[in-house]
Amino acid sequence: MQLGGKIAVVTGVSGGIGRATAEALLAAGARVAGWGRTAPQGLQHEHFRFFACDVRDEKAVNAACQATLADMGGAIHVLINNAGLGVAGLVDGFSTDNWKLMFDTNVHGLFYCTRAVLPLMKTQQEGHIINLSSIAGIAGIEKMAGYCATKFAVRGFSQALLKEVRSEGIKVSCFYPGSTQTNFFDDIPGTEANDSMMHPEDVAATILYTLQAPQNFLIADVEMRPLQPRK
Ligand SMILES: NC(=O)c1ccc[n+]([C@@H]2O[C@H](COP(=O)([O-])OP(=O)(O)OC[C@H]3O[C@@H](n4cnc5c(N)ncnc54)[C@H](OP(=O)(O)O)[C@@H]3O)[C@@H](O)[C@H]2O)c1
């Protein structure tokens, strides 16, 4: 897809991969709607709009979608389902609230955002949805069972959705990043973001590359890792 003038929604734009992706899209000439709880501080661009929205709230997601269409010109060509979080801990004693928080955000929120844009993309016979899973969506990680379960769910959802919509000209790609230097690790005991991790700008560059592939060429799954994670 040529991104100039296209309208892209990115969820979770306050920092990390979401903000880096919004900035990369803007640099490529796209118009970007950020859907999230927290606006990206200092991101001023004539083609950027922030729509306050907790992705766990389906009414808020639908309202953000309507506001985006009203404000940005009646089309949505790209959806980057990025908003997400992880809570670590042994399954034995793991808090039900934290379990539900992860599923409500990483799985249900992603479903609400996808469902909101799909009718439009079908009408357009064009669209690209990129879902942020994780290496934790490919292999289990100790003390991350709940997070892994959500990211495996994102992988299954992405593969099934692709089969549902590819005939309508809509692409679905699933991304599996390894450790990336963001605020994700702020609440995960024992792991701190560090320079050996990947940089969110590099993940964003790979998202852009995937979006810009020729129309009849789909990059379906993208696994990314730091080459030397423990330098
Ligand atoms: N960092 C990694 O190593 C890594 C690896 C693989 C996959 N991922 C995935 O990549 C995605 C982005 O993570 P990141 O590393 O960039 O982490 P991050 O810096 O913590 O960013 C997460 C973003 O999601 C937003 N968010 C969380 N809950 C939300 C909600 N209920 N409604 C709306 N927005 C919400 C956050 O907004 P607030 O500021 O309002 O909280 C923030 O903008 C996540 O899906 C994560 O699981 C990360």
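Guide: A residue is called buried if 20 or more other C-beta atoms lie within 10 Å of its own, exposed if 12 or fewer do, and partly exposed in between, with C-beta atoms placed from the backbone. The structure above is a predicted model, in which local features need pLDDT of at least 70 and side-chain atom pairs count only at pLDDT 80 or more, while totals for chains, interfaces and linings use all residues. Residues are numbered from 1 along each chain as its sequence is written.

Visitor: What makes α1 largely enclosed by the rest of the structure?

Guide: Ten of the twelve residues of α1 are buried, so the helix is largely enclosed. Among these buried residues are G16, I17, R19 and E23. Their cover includes the strands β1 (7-11), β2 (31-36) and β3 (48-52), as well as the helix α5 (200-211). Helices (H or I, at least four residues) and strands (E, at least two) are DSSP runs, numbered from the N terminus.

Visitor: Why are the buried residues of α5 said to line one face of the helix?

Guide: The buried residues of α5 are P200, V203, A204, I207 and L211. Seen down the helix axis, they fall within an arc of 100° (taken from the directions from the axis to the C-beta atoms), so they line one face. An α-helix has 3.6 residues a turn, so residues three or four places apart point the same way. The buried residues of α5 pack against α1, β4, β5, β6 (170-177) and β7 (221-224).

Visitor: Why is I80 called buried, and why is D104 called partly exposed?

Guide: I80 has 30 other C-beta atoms within 10 Å, and it is therefore buried. D104 has 16 C-beta neighbours inside 10 Å, so it counts as partly exposed. I80 is found in strand β4, and D104 in helix α3.

Visitor: Which residues do I80 and D104 touch?

Guide: Two residues are in contact if their C-beta atoms, placed from the backbone, lie within 7 Å. Leaving aside residues up to four places away in sequence, I80 touches A8, V9, V10, T11, T21, I130 and I207, whereas D104 touches R56 and G109. The C-alpha atoms of I80 and V10 are separated by 4.7 Å, although these residues are 70 apart along the chain.

Visitor: What makes up the shell around the ligand?

Guide: The ligand is surrounded by 30 residues, the closest being G12, G16, R37, G84 and T182; a residue belongs here if its C-beta atom, placed from the backbone, lies within 6 Å of the molecule. They divide into nine nonpolar, 18 polar and three charged. Here Ala, Val, Leu, Ile, Met, Phe, Trp, Tyr, Cys and Pro count as nonpolar, Asp, Glu, Lys and Arg as charged, and the others, Gly among them, as polar. α1 gives the most to this shell, with three residues.

Visitor: How do you know whether the protein agrees with a compact globule?

Guide: The radius of gyration is taken over C-alpha atoms, and the globule rule is 2.2 Å times the number of residues to the power 0.38. For 231 residues a compact globule would be near 17 Å, and the protein has 17 Å, which agrees. Buried residues make up 40% of the protein.
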